[in-house]
Amino acid sequence: MKHDEITEIILECAFEVHSQLGPGLMESCYEIPLVYELRLRGLKVEQQKELPLIYKGKKLGKTYRIDILVENKIIIEVKAVEYLMDIHTAQLLTYMKLTNCQVGLILNFNVPSMRKGIKRVVRNYNPE
């Protein structure tokens with residue numbers, strides 16, 4: 001499945017979750033049903049996927065956690081904030097770099113209309 005096809009399904013699921021729950025809940029209250037909806041549609045989904053912290057070629061004890069990884073291609077960062085900040089995009093870009101994912105989505109469910117809570121981030125692959 002291509003990135004655009006997966007993204008379309010993800011957004012359908014996000015709209016469904018938002019329409020059922022509305023704004024005002026904690027992030028986990030959106031993440032859990034979003035994962036449920038994605039799996040209902042037959043997608044491979046990893047929730048709270050841990051990534052090792054690699055510093056100067058050595059794995060250190062702490063890890064990063066990706067909210068949701070879909071089909072090993074798209075990272076979803078679930079937010080429930082008043083407004084998205086640059087640090088949210090920076091966080092997603094770091095996760096994308098660590099996993100070599102080219103596409104990521106920030107989904108902010110704390111909005112009156114889900115259309116205003118979507119940010120798509122595309123990163124060019126650079127193996128260096």
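Trainee: Which residue in strand 5 is the bridge partner of Leu 105?

Mentor: This is a predicted model, in which local features need pLDDT of at least 70 and side-chain atom pairs count only at pLDDT 80 or more, while totals for chains, interfaces and linings use all residues. Residues are numbered from 1 along each chain as its sequence is written, and side-chain values use heavy atoms, with hydrogens and water left out. Strand 4 and strand 5 (residues 118-122) pair in the antiparallel sense over five bridges, where strands are DSSP runs of E with at least two residues, helices are runs of H or I with at least four, both numbered from the N terminus, and pairing requires at least two DSSP bridges between two strands. Within strand 5, the partner of Leu 105 is Arg 120.

Trainee: What is the handedness of the crossover from strand 3 to strand 4?

Mentor: Between strand 3 and strand 4 the chain passes through helix 3 (residues 86-99), making a β-α-β crossover. With the strands pointing away from the viewer, a path from the first strand over the helix to the second that runs clockwise is called right-handed. The crossover here is right-handed.

Trainee: How many residues of strand 4 are buried?

Mentor: In a regular strand the side chains alternate between the two faces of the sheet. On one side of strand 4 lie Val 103, Leu 105 and Leu 107, on the other Gly 104, Ile 106 and Asn 108, and all are buried, a word that means under 20% relative accessible area, with exposed over 50% and partly exposed in between (1.4 Å probe, protein chains only). The number of buried residues in strand 4, which covers residues 103-108, is therefore six of six.

Trainee: How far from Cys 101 is the nearest cysteine sulfur?

Mentor: Cys 101 is found in the loop between helix 3 and strand 4, and this cysteine is buried, with a relative accessible area of 4%. A search of the whole structure finds zero disulfides, a disulfide being a pair of cysteine sulfur atoms within 2.5 Å. For Cys 101, which is in no disulfide, the nearest cysteine sulfur is that of Cys 13, at 18 Å.

Trainee: Is Met 85 buried or partly exposed?

Mentor: Met 85 lies in the loop between strand 3 and helix 3. Because its relative accessible area is 42%, Met 85 is partly exposed.
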